[in-house]
Amino acid sequence: FPEEFEAEEDTSNSMSTSLVRATAPASFPSLLSIPISGRPVFPGFYKTISIKDKMLISAMTKLLKKGSPYVGIFLNSVDINENETIHKLKDIHKIGVLAQIVNVIPLQGSSATAIVYPHRRIRALDILPDSDDHISHLKIENYPDEPYDKNNRYLRAVSQEIYTTLSDVAKFNPFFREHLTHHNISPNVFEDPAKLADFVAVLCAADSQELQEILESSVIEERLRKALVLLKKELLNAQLQNTISKDVENKLNQ
């Protein structure tokens, strides 16, 4: 299951020695950027990232101490083994997130865990020359959502179907049930279709390409529709697992 969890943009997170800011600077000419594998990161949800390169750990720690704790995070488009440097733009998906470094926690050896809070979507434009091969700086631009009306009938209908499906999945899937019941989810998630789609993507155990497509969807109708498709798949899987579990229990009882 994903390691993300939703944030209400307050400052009560006990894991942090640095405050999570409500907004990030409007633009950056360049940004220290990190390629990741597995799942893309979505705005509004904390994420933990394992960092193994000591030069990258040092650079992130310096940004945190300087009071400019921002990095770009992009999903690898190719399978790169343990590589935390972006050498070619084609090696990453160009749509990623601008994230605030909340904390960098050293681990045994030379690795660390970074806790980040993604603020918004960005697009990678170019790789900037750097004196250190272990650190990547990218020229980036913001990747905003297309304008939309929250009261659009289609968006309201799809949102309502998502609410219903979330409830159905929670009946079978304890991970969904726990997340919806016990985590402090901001009401904004359920009031804003764009945030609702990202929330569904965070919950779903989909493959990386399907999740990346949601991250790249700037048209909210499209993003919400794709999120609903993933959620319906989760429901089918949960129902199937429940059926298999009951069949096995019945056979054991017999």
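How many helices and strands does the secondary structure of the protein chain come to?

## Overall architecture

The protein chain comes to 7 helices and 7 strands, where helices (H or I, at least four residues) and strands (E, at least two) are DSSP runs numbered from the N terminus. Along the sequence these elements follow the pattern β-β-β-α-β-β-β-β-α-α-α-α-α-α. This is a predicted model, in which local features need pLDDT of at least 70 and side-chain atom pairs count only at pLDDT 80 or more, while totals for chains, interfaces and linings use all residues. Residues are numbered from 1 along each chain as its sequence is written, and side-chain values use heavy atoms, with hydrogens and water left out.

Of the 254 residues of the protein chain, 48% count as buried, a term that means under 20% relative accessible area, with exposed set at over 50% and partly exposed in between (1.4 Å probe, protein chains only). Among contacts between residues at least 6 apart in sequence, 74% join residues at least 24 apart, contact meaning heavy atoms within 4.5 Å.

Tyr 117 lies in strand β6, which covers residues 112–128, and Tyr 117 is buried, with a relative accessible area of 2%. The C-alpha atoms of Tyr 117 and Pro 43 are separated by 7.5 Å, although these two residues are 74 residues apart along the chain.

## Helix α7

Helix α7 (residues 220–253) has 34 residues, which at 1.5 Å a residue should span 50 Å, and the 49 Å between its end C-alpha atoms agrees with this; the expected span is 1.5 Å times one less than the number of residues. Buried residues in α7 are Ile 220, Arg 223, Leu 224, Ala 227, Leu 228, Leu 230, Leu 231, Glu 234, Leu 235 and Ala 238. An α-helix has 3.6 residues a turn, so residues three or four places apart point the same way.

The axes of α5 and α7 come within 9 Å and cross at roughly 30°, the axes being lines fitted to C-alpha atoms, for helices over the stretch in contact, with angles running from 0 to 180 degrees between N-to-C directions. The two helices are therefore roughly parallel to each other (angles under 35 degrees count as roughly parallel, over 145 as roughly antiparallel, 65 to 115 as roughly perpendicular and the rest as oblique). The crossing is left-handed, meaning that the near helix is turned anticlockwise from the far one by less than a right angle. Pro 193, Ala 194, Leu 196, Ala 197, Asp 198 and Val 200 in α5 meet Ile 220, Arg 223, Leu 224, Ala 227 and Leu 231 in α7. By class, the residues of this contact divide into 9 nonpolar, no polar and 2 charged, with Ala, Val, Leu, Ile, Met, Phe, Trp, Tyr, Cys and Pro counted as nonpolar, Asp, Glu, Lys and Arg as charged, and the others, Gly among them, as polar.

Helix α6 (residues 208–216) packs with α7 at an angle of about 155°, their axes being 8 Å apart, and the pair is therefore roughly antiparallel. Here too α6 passes α7 in a left-handed crossing. Glu 210, Leu 211, Glu 213 and Ile 214 in α6 meet Arg 223, Lys 226, Ala 227, Leu 230 and Lys 233 in α7, a contact with 4 nonpolar, no polar and 5 charged residues.

## Packing of α2 against α5

Helix α2 (residues 153–172) and helix α5 (residues 193–203) have axes that come within 11 Å and cross at roughly 30°, which makes α2 roughly parallel to α5. Leu 155, Ser 159, Ile 162, Tyr 163 and Leu 166 in α2 meet Pro 193, Leu 196, Phe 199, Val 200 and Leu 203 in α5, and this contact has 9 nonpolar, 1 polar and no charged residues.
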